[in-house]
Amino acid sequence: MAAFSNHLRNLNTIQRILLQSSSNATQRCFSKLPHHHPHTTPKSSLKDNELAKFAAISETWWDSEGPFKPLHVMNPTRLAFIRSTLCRHFKRDPNSVRPLEGLKIVDVGCGGGILSEPLARMGATVTGVDAVEKNIKIAQLHADMDPTTSNIEFCCTTAEKLVEQGRQFDAVMALEVIEHVAEPADFCKSLSALTIPEGATVISTINRSMRAFATAIVAAEYILGWLPKGTHQWTTFLTPMELVLILQQAGINVEEMAGFVYNPLTGRWSLSDDISVNFIAFATKNNA
């Protein structure tokens, strides 16, 4: 957590403008928290422009050289963190072929299922949900090609609607999703409602730091072309501390956090203590 104090230093004029924008974003994240009753169903966190953005490239989910290449490359590292933390929390053998056997996991914002499938292969009973119908169709078609993933339950729905249905899971995944929702606080309340008491929640996102602005937006979208331009908006990012506080307000306590660092020489990502750009958090829900 020491890295929290390392953001946004030595700001020039442009950086100060961006910092003011980030302050507004933080206000937006927390402004409604005191008004939420714990048993109130959160309103939808969807943003129409974000749905349209991902619907336009939905057919490329399983193209490892397409717009989602960064996620394909990062996936083994994300899964290593998930496997390690879930096995430790649920007292499973991480060396087992199917260490997540018997666990019910929901993949919120599953896209084309690139996380749902390996979770199912590790033995979990997986539900993948996404608000973009094209994503769900692609995910189902791809999963049906492999007997080990054909039993994944893919649904075109939202976390909020799952809450209304009374669904709960041992573990809730929301990877690279929270930066695209309208109300992060409401979204985290939905994730909490979907998690059983003492269950696990894993969230990954991008830090609202100047380094993230330079690498995740300027470099990744406009220079290297790794992502379509406009994929991310810097002011929608959360700092690690903001994420921790929002989750705490939702009854979820962050227990472990790690950063993702890209090595341009190997073309691979690795886990790191550096949370200045991409980071992932493992959290557990309070025993209500």
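1. Which residues of α5 are buried? In this predicted model, they are Asn135, Ile136, Ala139 and Ala143. These residues lie on the same side of α5, because they cover an arc of only 95° around the axis.

2. Strands of a sheet pair through backbone hydrogen bonds, in either a parallel or an antiparallel sense. Here, eight strands form an open sheet with mixed pairing, in the order β3-β2-β1-β4-β5-β8-β6-β7. Its edge strands, β3 (153-156) and β7 (268-272), each pair on one side only. Neighbouring strands of the sheet are turned by 20° against each other on average, direction ignored.

3. Strand β2 (residues 125-130) pairs with β3 in the parallel sense, over four bridges. Within this pairing, Val129 stands opposite Cys155 in β3. Helix α5 (residues 133-143) packs on the sheet, where it touches β2 and β3, and its direction makes about 165° with that of β3. Helix α7 (residues 184-194) also packs on the sheet, touching β1 (104-108), β4 (169-175), β5 (195-206), β6 (252-263) and β8 (278-285). The direction of α7 makes about 145° with that of β5.

4. Asn278 belongs to strand β8. Its relative accessibility is 10%, so Asn278 counts as buried, the limit being under 20%. Leaving aside residues up to four places away in sequence, Asn278 touches Met74, Thr205, Ile206, Ala258, Gly259, Phe260 and Trp269.

5. Charged side chains form a further topic. Side chains of opposite charge can pair when their charged atoms come close. The whole structure contains nine salt bridges. One of them joins the side chains of Glu176 and Arg78, at 2.5 Å from N to O. Glu176 lies in the loop between β4 and α7 and Arg78 in helix α3 (residues 69-89), so this pair ties together parts that are 98 residues apart in sequence. Both Glu176 and Arg78 are buried.

6. Arg121 and Asp146 form another salt bridge, with their closest N and O atoms 3.2 Å apart. Arg121 is in helix α4 (residues 116-121) and Asp146 in the loop between α5 and β3, 25 residues apart. Arg121 is partly exposed, with a relative accessible area of 34%, and Asp146 counts as partly exposed at 21%. A network of salt bridges links Glu117, Arg121 and Asp146.

7. Glu153 and Arg167 also meet through their side chains in a salt bridge (3.0 Å, N to O). Since Glu153 lies in strand β3 and Arg167 in the loop between α6 (159-164) and β4, the pair ties together parts 14 residues apart in sequence.

Conventions: Residues are numbered from 1 along each chain as its sequence is written. This is a predicted model: local features need pLDDT of at least 70, side-chain atom pairs count only at pLDDT 80 or more; totals for chains, interfaces and linings use all residues. Side-chain values use heavy atoms; hydrogens and water are left out. Two strands pair if DSSP finds at least two bridges between them. Helices (H or I, at least four residues) and strands (E, at least two) are DSSP runs, numbered from the N terminus. Axes are lines fitted to C-alpha atoms, for helices over the stretch in contact, and angles run from 0 to 180 degrees between N-to-C directions. Contact means heavy atoms within 4.5 Å. Buried means under 20% relative accessible area, exposed over 50%, partly exposed in between (1.4 Å probe, protein chains only). The arc is that of the directions from the helix axis to the C-beta atoms. A salt bridge is a side-chain nitrogen of Lys or Arg within 4 Å of a carboxyl oxygen of Asp or Glu.
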